[in-house]
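The structure under discussion is shown below.

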Amino acid sequence: MSLSEAVIRKAGNGLALSKIKSLDLSDKNLTTLDPKIMNQLVTLQSLDLSNNNISSIPTDICLPSLTTFDISDNSISSLSFGQKFPKLASLYIAGNHDLGKADRLIAIVENSSLTQIDDQRASSLLQVVRQIRSKFEIQVKAKWEVLFAEPYATGIPDDEVDQVTDEFLDCLRKDNLFKNADSKFEKYMLEKLAKEMVQSAKNLSIYNSTHSLPGTPRSARLNDLQSPETTPVRQSSRTPVPNKRLIDTPTDKPPTPKNVVPASTQDSERTPKKEGRGQKRRRDSSPGSPSKPSSKSYRTETGHMSSPKFSHRSPASATKTQNKGKKRRRSSTPESECKQKAKSYRTETGQLSSPKYTALNNPRIDHLAPVPDYDPTYFVRCHSDEDSPSDDNTKVWRCAFEPKPNNPSEHTNVVATVGGKIVCLVDCQTGKVMRRFKDTDKKESFYTLAWTTIHLDEENSTETTNILAVAGDACDVKLIHPSQLVMYATLEGHRRYISCLAFHPSYPTILFSGGKDNRIIMWDIGIPDLSDYSTNFRKLKCLVTPGTDPLNLAISLSTNSLLAGCENTCYLWKLKDMNKLNKEPDLELSLPITDDKSDSASDDSNSSDIVDGLVMLSDNYVVTKCVGNSCLTMFDLKSSIPKKLQGRRTRSVKVTPTALLNYTRTTVDYIYLAASQGLVAAGDDKGSIHLYNLDELVAEKAKSCDTVLQQSRVLDWPEISLGRYTDSMKELVTEKGVVINSIAVNHSRDYLVCGTDNNLVCIWKRSSVNV
């Protein structure tokens with residue numbers, strides 16, 4: 001669609017084009033821009049054209065007052081328009097797959113007023129520009145002296161300037177100087193210097209420059225010089241590759257490892273020496289250290305003499321010393337980038353302020369309904385990159401039960417787990433690894449997953465299949481058809497690692513993905529043709545989480561909304577019309593702080609803001625977990641949402657808790673919650689599982705209160721005897737304890753499965769004898 005004056009007036013609140021200062025034209029399905037219309041925007045300072053289908057910005061568009069320009073998520077391949085925007089300071093170009101680092105450098109050269117491109121400051125780009133310019137400048141001038149200086153010693157007539165420029169450029173292009181240029185920007189810089197050289201010769205100023213060359217050899221060349229390192233441009237791979245099989249494990253035996261990869265060398269290189277508060281837990285523990293002799297990967301099982309034996313520890317033995325305050329790293333991002341301050345937002349009173357939290361006073365203790373006991377059944381170590389049973393460093397980040405294809409509201413006994421480069425499908429009844437996928441991307445380390453059940457034939461709704469979406473460090477969402485061991489599509493859109501995925505319960509092909517780039521992307525993954533695994537997927541919408549990155553996503557059908565638990569806060573979008581979603585959140589939910597942090601040794605004042613746990617219950621109820629809080633918060637989402645949401649500005653609302661659920665205070669982050677049929681489960685940094693039976697609270701439609709309810713049951717980490725596997729496997733409990741990263745509960749509550757920080761998939765089965 002071409003941009004019309006009517007569209008601009010509507011977006012500009014009816015103002016005349018010459019008076020509009022800020023214009024949001026994102027998500028308008030625009031393909032072209034009319035220079036005659038655009039040039040009327042003489043006072044325009046901010047322009048958002050993101051998430052359209054624009055392929056180019058006409059070079060005859062001139063916006064003299066423009067300071068902020070967002071053209072992200074389009075199909076633009078050139079930034080040659082920069083000179084027409086003399087005051088442009090901030091440019092956003094992410095999501096245009098044909099633009100690379102060379103285009104950023106060209107934009108900096110073409111527009112000297114730029115101060116940043118996306119999240120990169122111009123100063124760092126200018127340093128590269130200066131390096132490349134100084135590398136070529138002397139050589140270009142030497143080339144001029146050899147071939148052109150004598151004929152034009154008295155200057156170049158105006159009518160011959162273009163001809164001389166073309167001749168000089170042609171000469172450079174045929175020379176090794178140009179042929180050996182390593183990048184698009186180096187070729188651009190050579191041509192720019194050539195044109196500047198001709199202009200200097202025309203004005204007779206060539207020997208008055210600061211780079212006069214009285215002693216420069218006439219045969220000087222760049223052939224032996226090395227260009228500075230540049231970041232390779234990431235190419236799109238949107239075309240699905242049919243039948244691209246990943247490594248799998250046969251169903252009749254566990255995976256057979258080849259090499260053992262200890263983590264001592266790896267940890268010494270990656271883990272900060274000082275383990276103070278404010279350091280995030282590491283997301284990745286990629287193998288690559290010297291290897292030990294190979295041995296098999298084993299599952300532990302009760303009832304066999306050759307397998308590890310379990311016995312519940314006493315509460316006293318569960319209080320081992322923990323590494324207090326250590327935050328886990330998700331990636332190799334420097335610590336300074338791990339957390340950003342949240343923006344300020346306009347509240348109901350009209351004042352600008354940062355998110356505020358309500359405090360709860362004088363809580364009293366009560367108890368929830370009990371739940372049956374669970375027995376530890378199988379502890380499986382299956383996420384080692386080199387299939388090493390001694391690998392206790394790879395983190396198993398997420399797990400989720402596979403839905404039944406004919407009834408997605410119920411689960412099979414198969415659970416999917418992700419950690420490192422590996423995705424596993426484990427049968428909870430037998431403890432066997434039924435399928436095992438290993439990604440070939442060296443950058444990949446999986447952090448999240450989500451299941452969906454889709455109808456293969458829209459007309460014949462009886463034929464269904466399950467699809468598993470996984471994502472992590474490689475910034476792509478990968479779609480897997482588990483039954484055929486095929487990864488059939490890669491969804492590209494994020495610029496940094498992906499932390500969370502969620503499918504819409506009512507629209508099984510609609511997927512939301514949240515990443516470290518402070519964005520949530522809504523996809524339509526399409527319906528694959530299982531004969532060749534071709535599919536048509538689309539990026540529908542790009543939402544932003546201002547100043548923070550999402551860690552958990554949840555969708556409420558009763559309120560028709562999307563929730564995002566983030567590093568700094570909790571956001572909500574209304575999904576009434578998914579074609580007209582606001583880019584920024586409709587609401588910011590201010591969760592209560594349940595602890596007095598004045599006696600805490602933590603010097604990280606924002607630790608409680610990290611909402612690393614977020615799950616939906618039935619009938620509008622939500623349970624959240626914040627790092628550093630000793631209670632989980634349960635609240636009624638429907639009553640927290642104002643009846644009317646006006647404007648596009650994010651509104652901050654306080655959440656009134658329905659109940660507070662006793663937990664344990666820990667500053668270890670990225671410990672996720674699970675919920676199924678009114679049962680909520682949370683792990684901790686001591687290897688324990690906290691269970692909460694909320695059936696009665698949900699059934700009674702409980703209202704607000706500040707009562708702290710004790711857990712229904714706490715499952716302590718069992719003592720494990722490795723037996724004959726002692727030599728090949730390290731002890732499963734270390735001095736720093738075991739961190740339960742995530743938990744999955746099946747629909748019948750028969751099985752609990754958790755993933756740990758020491759590379760274990762732990763399967764607990766409901767006991768036949770209640771204790």
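Strands β14 and β15 (residues 422-427) pair in the antiparallel sense, over six bridges. The model is a predicted one.

- Strand β13 (residues 398-404) runs antiparallel to strand β14 (residues 407-419), and six bridges join the two.
- In general, the strands of a sheet pair through backbone hydrogen bonds, in either a parallel or an antiparallel arrangement.

**The five-stranded open sheet**

- Five strands form an open sheet in the order β25-β26-β27-β28-β32, and the pairing is mixed.
- The edge positions are held by β25 (550-556) and β32 (651-654), each of which has a single partner strand, so one side of each is left without a neighbour in the sheet.
- From one strand to the next, the twist averages 25°.

**Helix α5**

- Helix α5 (residues 161-174) comprises 14 residues and reaches 20 Å from its first C-alpha to its last, close to the 20 Å expected at 1.5 Å a residue.
- Its buried residues are Val161, Val164, Thr165, Phe168, Leu169, Cys171 and Leu172.
- Viewed down the axis of α5, these buried residues fall within an arc of 160°, so they line one face of the helix.
- An α-helix has 3.6 residues a turn, so residues three or four places apart point the same way.
- Asp162, Asp166 and Lys174 are exposed on the other side of α5.

**Helix α7**

- Helix α7 (residues 184-202) has 19 residues and a reach of 28 Å from its first C-alpha to its last, close to the 27 Å expected at 1.5 Å a residue.
- The buried residues in α7 include Phe185, Tyr188, Met189, Leu190, Leu193, Met197 and Val198.
- Glu186 is also buried in α7, as are Ala194 and Ala201.
- Leu204 follows α7 and has a positive phi, near 60°.

Note on methods. Residues are numbered from 1 along each chain as its sequence is written. This is a predicted model: local features need pLDDT of at least 70, side-chain atom pairs count only at pLDDT 80 or more; totals for chains, interfaces and linings use all residues. Side-chain values use heavy atoms; hydrogens and water are left out. Helices (H or I, at least four residues) and strands (E, at least two) are DSSP runs, numbered from the N terminus. The expected span of a helix is 1.5 Å times one less than its number of residues. Buried means under 20% relative accessible area, exposed over 50%, partly exposed in between (1.4 Å probe, protein chains only). The arc is that of the directions from the helix axis to the C-beta atoms. Two strands pair if DSSP finds at least two bridges between them. Axes are lines fitted to C-alpha atoms, for helices over the stretch in contact, and angles run from 0 to 180 degrees between N-to-C directions.
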